[in-house]
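Biologist: I would like to learn how to read salt bridges and a nonpolar core in a model. Can we go through one together?

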Amino acid sequence: GGWAWLLPAGVILACIAHVTWYPTRAHQRWGWALREHDLLIAHGVLVRRLVSIPAGRIQHVDVHQGPIERSLGLARLQVYTASGGGADGEIPGLARETADALREKLVRREADDVV
């Protein structure tokens, strides 16, 4: 009957919300802080995740730019530890200068910890 259009309309509205609201909200929910003994990374919209990477465990830091990020002047910082399971922490959407500066600070800390 007359109510058959509700399900498709609901699905369409959910898709529109997912395409328009979710990416903006996901970007707003990313955060990071370089503290004295660790790098703290927080993200997540529905499930909030907080990752603390001890400064002494950081072994490698990369700055990546894909074609879209490059065209927007953005970069993604990836932090690796001895776990070997891929990047242990990632901060997307940074200005390239910010990503490079953060990488230098983390690498400098790593060198200071070794000495």
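Modeller: Start with the term. A salt bridge is a side-chain nitrogen of Lys or Arg within 4 Å of a carboxyl oxygen of Asp or Glu. Keep in mind that this model is predicted.

Biologist: How many salt bridges does the structure hold?

Modeller: The structure holds 5. Take Glu90 and Arg76: their closest N and O atoms are 2.9 Å apart. This pair links distant parts of the chain.

Biologist: Which other residue forms a salt bridge with Arg76?

Modeller: Glu69 does, with the closest N and O atoms 3.5 Å apart.

Biologist: Is Glu69 buried or exposed?

Modeller: The cut-off comes first: buried means under 20% relative accessible area. Glu69 has 16% relative accessibility, so Glu69 counts as buried. Arg76 has a relative accessible area of 26% and is partly exposed. Glu90, at 25% relative accessibility, counts as partly exposed.

Biologist: Now a case within a helix. Where do Arg96 and Asp100 lie?

Modeller: Both lie in helix 3 (residues 96–114). They are 4 residues apart, about one turn of the helix. Arg96 has 28% relative accessibility and counts as partly exposed. Asp100 also counts as partly exposed, at 29% relative accessibility.

Biologist: Which residues do salt bridges that share partners join into one network?

Modeller: Glu69, Arg76 and Glu90.

Biologist: On to the core. How many residues has the largest nonpolar core?

Modeller: The general idea is a set of buried nonpolar residues joined through side-chain atoms within 4.5 Å. Here the largest such core has 15 residues. Those with the most contacts inside it are Ile53, Ile58, Leu77, Val79, Ile91 and Leu106.

Biologist: Which elements each supply at least two residues of this core?

Modeller: Strand 2 (38–43), strand 3 (49–54), strand 4 (58–64), strand 5, strand 6 and helix 3.

Notes: Residues are numbered from 1 along each chain as its sequence is written. This is a predicted model: local features need pLDDT of at least 70, side-chain atom pairs count only at pLDDT 80 or more; totals for chains, interfaces and linings use all residues. Side-chain values use heavy atoms; hydrogens and water are left out. Buried means under 20% relative accessible area, exposed over 50%, partly exposed in between (1.4 Å probe, protein chains only).
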